[in-house]
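Open the model in your viewer and keep the sequence panel in view. The tour below goes from one selection to the next.

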Amino acid sequence: QVQLVESGGGSVQAGGSLRLSCAASGPTSSSYAMGWFRQVPGKEREFVAAIRWSGSLYYADSVKGRFTISRDNAKNTVHLQMNSLKPEDTAVYLCAAARVRDYSRSYYYTNTAGYDDWGQGIQVTVSS
């Protein structure tokens, strides 16, 4: 099982920026796609962004143009640069890893069903 640890969360005013990082350890060679999800109390976990082993990217419509996902395979790390933050971005952000090299359907990159390992999550709070 891959261990994932998020860092970089915190509180920021609307319009500000934060950069989240997710460090993977363990059998990381089995982690192909990496993703970020977010969750607020009482709601389902929501897809934010994903990056495939090939480098292909996926974004939720709500964050396109504001968030950027990237990965450093040599360091087993994935980042989420969040700019122009809005109060509705407030949530616990979770990093996820998929052990499947390539899914036949893009659905699995943008939904929790496609991921096998999860971090504990980190709080991001955006005030107006």
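Is Cys22 buried or exposed? Select Cys22 in this predicted model: the residue is buried, because its relative accessible area is 0%, and buried means under 20%.

Show the sulfur atoms of Cys22 and Cys95: they are 2.1 Å apart and form a disulfide. The count for this model is one disulfide. Now look at where the two ends sit. Cys22 belongs to strand S3 (residues 18–25) and Cys95 to strand S9 (residues 91–97). The pair is 73 residues apart and links distant parts of the chain. Turn the view to look along the S-S bond: the angle about it is -85°, and the link is left-handed.

Now select Glu6, which is in strand S1 (residues 3–7). Which residues does Glu6 contact beyond its neighbours within four places in sequence? Both Cys22 and Cys95 are among them, as are Ser21, Trp36, Tyr93 and Leu94. The list also includes Gly119, Gln120, Gly121 and Ile122.

Glu6 is buried yet has no salt bridge. Arg45 has the nearest side chain of opposite charge, and it is 8.2 Å away.

What does the side chain of Glu6 reach at 3.3 Å? Select Gln120: its backbone nitrogen is at that distance. Then select Gly121, whose backbone nitrogen lies 3.1 Å from a polar atom of the Glu6 side chain.

Notes: Residues numbered from 1 in each chain as written. Predicted model: local features only at pLDDT ≥ 70, side-chain atom pairs only at ≥ 80, totals over all residues. Heavy atoms only, no water. Disulfide = S-S within 2.5 Å. Helix = DSSP H or I, 4+ residues; strand = E, 2+ residues; numbered from the N terminus. Buried < 20%, exposed > 50% of the residue type's maximum accessible area, 1.4 Å probe, protein only. Lys, Arg positive; Asp, Glu negative; His and termini not counted. Salt bridge = Lys/Arg side-chain N within 4 Å of Asp/Glu carboxyl O. Polar contact = N/O pair within 3.5 Å; in protein donor to acceptor, adjacent residues only side chain to side chain. Contact = heavy atoms within 4.5 Å.
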